[in-house]
Amino acid sequence: MATGILSTDPHLTGDEILSLTALAPAGLVWIAPAVGFVRRLVMDRRRWAAEAVRPRLS
């Protein structure tokens with residue numbers, strides 16, 4: 001998240017290349033939890049529904 005926030009300053013100063021270079025890793029890091037969420041939703045719907053009601057504290 002910090003990488004995404006830090007990409008704002010170069011964007012505001014007009015350095016789009018540096019801004020996108022900092023923003024790209026932040027976007028890639030968000031893909032892993034999204035894939036895990038969708039995979040569990042599709043593959044194990046019952047567990048997903050149970051954890052949506054009451055998250056597991058592991």
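Predicted model: local features only at pLDDT ≥ 70, side-chain atom pairs only at ≥ 80, totals over all residues.
Student: What makes the contact of Arg 40 and Glu 51 a salt bridge?

Tutor: The N to O distance between their side chains is 2.7 Å. The cut-off requires a side-chain nitrogen of Lys or Arg within 4 Å of a carboxyl oxygen of Asp or Glu, so the pair qualifies. The pair links distant parts of the chain, eleven residues apart: Arg 40 belongs to helix α3, and Glu 51 to helix α4 (residues 45–53).

Student: Which salt bridge do Glu 51 and Arg 47 form, and where do both lie?

Tutor: The side chains of Glu 51 and Arg 47 meet at 3.1 Å, N to O, and the limit is 4 Å, so this contact is also a salt bridge. Both residues lie in helix α4, four residues apart, which is about one turn of the helix. A search of the whole structure finds two salt bridges, and Arg 40, Arg 47 and Glu 51 are linked in a network of them.

Student: Why are Arg 40 and Arg 47 called partly exposed?

Tutor: Buried means under 20% and exposed over 50%, with partly exposed in between. Arg 40 has a relative accessibility of 27%, so it counts as partly exposed. Arg 47, with a relative accessible area of 30%, is therefore partly exposed.

Student: What makes the pair of Phe 37 and Trp 48 edge-to-face?

Tutor: By the rule applied, the count comes to one aromatic pair. The ring centres of Phe 37 and Trp 48 are 5.8 Å apart, and the planes stand at 75 degrees. Centres must lie within 6.5 Å, and planes over 60 degrees apart count as edge-to-face, so the pair is edge-to-face. Phe 37 in helix α3 and Trp 48 in helix α4 are eleven residues apart, and the pair links distant parts of the chain.

Student: How do you know whether Phe 37 and Trp 48 are buried or partly exposed?

Tutor: Buried would require under 20%. Phe 37 has a relative accessible area of 47%, so it is partly exposed. Trp 48, at 24%, is therefore partly exposed. Phe 37 also forms a nonpolar patch on the surface with Val 38, Val 42 and Met 43, with about 450 Å² of accessible area together.

Key: Residues numbered from 1 in each chain as written. Heavy atoms only, no water. Patch = residues over 30% accessible without salt bridge, like charges linked within 9 Å, V, L, I, M, F, W, Y side chains within 5 Å. Areas by Shrake-Rupley, 256 points an atom, 1.4 Å probe, with all protein chains shown as cover. Helix = DSSP H or I, 4+ residues; strand = E, 2+ residues; numbered from the N terminus. Buried < 20%, exposed > 50% of the residue type's maximum accessible area, 1.4 Å probe, protein only. Phe/Tyr/Trp six-rings, centres within 6.5 Å; stacked < 30°, edge-to-face > 60°.
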